[in-house]
Amino acid sequence: MSTSNQSPGFNRPRLVTKKVLATPQYEGDGAVVRRGIGRSELRFLDPFLMLDDFSVTPPAGFPDHPHRGFETVTYMLQGGITHQDFAGHKGTIYTGDVQWMTAGRGIIHSEMPAGEGTHKGLQLWINLSSEEKMIKPRYQELLSDDIPRAEKDGAEVRVIAGESMGVRSPVYTRTPTMYLDFILKPKSQVHQSIPESWNAFVYVIEGEGNFGLRNSSQATAHHVLVLGTGDGLSVWNRSSKPLRFVLIAGQPINETVVQHGPFVMNTQAEIEQTIEDYHYCKNGFEMAKYWSSQ
């Protein structure tokens, strides 16, 4: 293995260009989230609109609320979350499971803790292009055992979306996306290719590591690391404890983003139409008139 300061195998290694600490705040009904993207220091990272590291203990949760114009990806790290929506879908995802929800033209749903104790996970919001914002809502759910994984030289990866170490996720991503969950044992390293035209970031879940360059300053838990341009990322765990992080990348949409809370469109007029649709239960929100979660 190379011990130089360069990133093996990459012509243009991606380096960290910005580091943001995701500090706790309250969202929903008493839930605590660490928001890494979607805050003043990092409003957007096209195509990503938001990243929350959430912690929910009953009776807190995320009661009935709407979405339009994007996708939500919920990845459970501990416990479980029960989801219900106004179209009759209901289910629970547990530790290691993923729900990939395309809100499209409109969803109203609730996300509540499944049982006692503290439930933790990550929720990522991915924008949709203007031509896909009003498509029919859709779900993809992956149980933990169905998520492809691989291991090499002390580095383990779970491939939620995209490809790593020769294994590929079955998830269909309307906005082309890579979502990888890495665990690096002490003194191990990993080198992951990333499409050059995509925007990419890291979120450190636990431990500490060197990202981009072997002698870069260590990044610790709850930091978002925005990566610069290049064809891949190298990571070193030089500590005595495991390092866990997600590497997320996506193809930029390069369209104007106008956001009003849970509604993400391209123009202010579309936002105003969405608010009207939601208020009057029309154009995708028809079932809202008669529904509330149980």
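The model is predicted, so local features need pLDDT of at least 70 and side-chain atom pairs count only at pLDDT 80 or more, whereas totals for chains, interfaces and linings use all residues. Residues are numbered from 1 along each chain as its sequence is written, and side-chain values use heavy atoms, with hydrogens and water left out.

Trainee: At which residues does UniProt place the feature "binding site"?
Mentor: The annotation comes from an unreviewed UniProt entry, and such annotations, given in the numbering used here with shortened feature names, may be inferred rather than shown by experiment. Its positions span 47 residues in sequence, yet no two of their C-alpha atoms are more than 12.6 Å apart, so they gather at one spot. The residues named in the record are H65, H67, H109 and E111.

Trainee: Which residues from this set does the lining of the largest pocket take in?
Mentor: On a 1 Å grid over the protein atoms alone, a pocket is an open set of points where a 1.4 Å probe fits, with protein on both sides within 12 Å along at least five of seven lines, and lining residues have an atom within 4 Å of a point. From the annotated set, the lining of the largest pocket takes in H65, H67 and E111.

Trainee: Is H65 buried or exposed?
Mentor: H65 lies in strand β5, residues 62-67, where a strand is a DSSP run of E with at least two residues, numbered from the N terminus. A polar atom of its side chain lies 2.7 Å from the backbone oxygen of P63. Buried means under 20% relative accessible area and exposed over 50%, with partly exposed in between (1.4 Å probe, protein chains only). With a relative accessible area of 18%, H65 is buried.

Trainee: Which residues is H109 in contact with, leaving aside its neighbours within four places in sequence?
Mentor: H109 lies in strand β10, residues 107-113, and counts as buried at 0% relative accessibility. Contact means heavy atoms within 4.5 Å. By that criterion the partners of H109 are P63, D64, H65, H67, H83, Q84, D85, M101 and W291.

Trainee: How far apart in space are I108 and Q84, C-alpha to C-alpha?
Mentor: I108 has its place in strand β10 and counts as buried at 6% relative accessibility. Its contacts beyond four places in sequence include H65, Q84 and W291. Although I108 and Q84 are 24 residues apart in sequence, their C-alpha separation is 8.6 Å.

Trainee: In the turn between β13 and β14, which residue has a positive phi?
Mentor: β13 and β14 pair in the antiparallel sense over four bridges, with E151 standing opposite E156 in β14. The two strands form a hairpin with two residues between them, and the turn residue with a positive phi, of about 50°, is D153.

Trainee: How many bridges join β14 to strand β17?
Mentor: Six of the seven residues of strand β14 (residues 155-161) are buried, so β14 is largely enclosed by the rest of the structure. In the antiparallel pairing with β17 (residues 177-184), V157 stands opposite F182. The number of bridges joining β14 to β17 is six.

Notes. Polar contact = N/O pair within 3.5 Å; in protein donor to acceptor, adjacent residues only side chain to side chain. Pairing = 2+ DSSP bridges.
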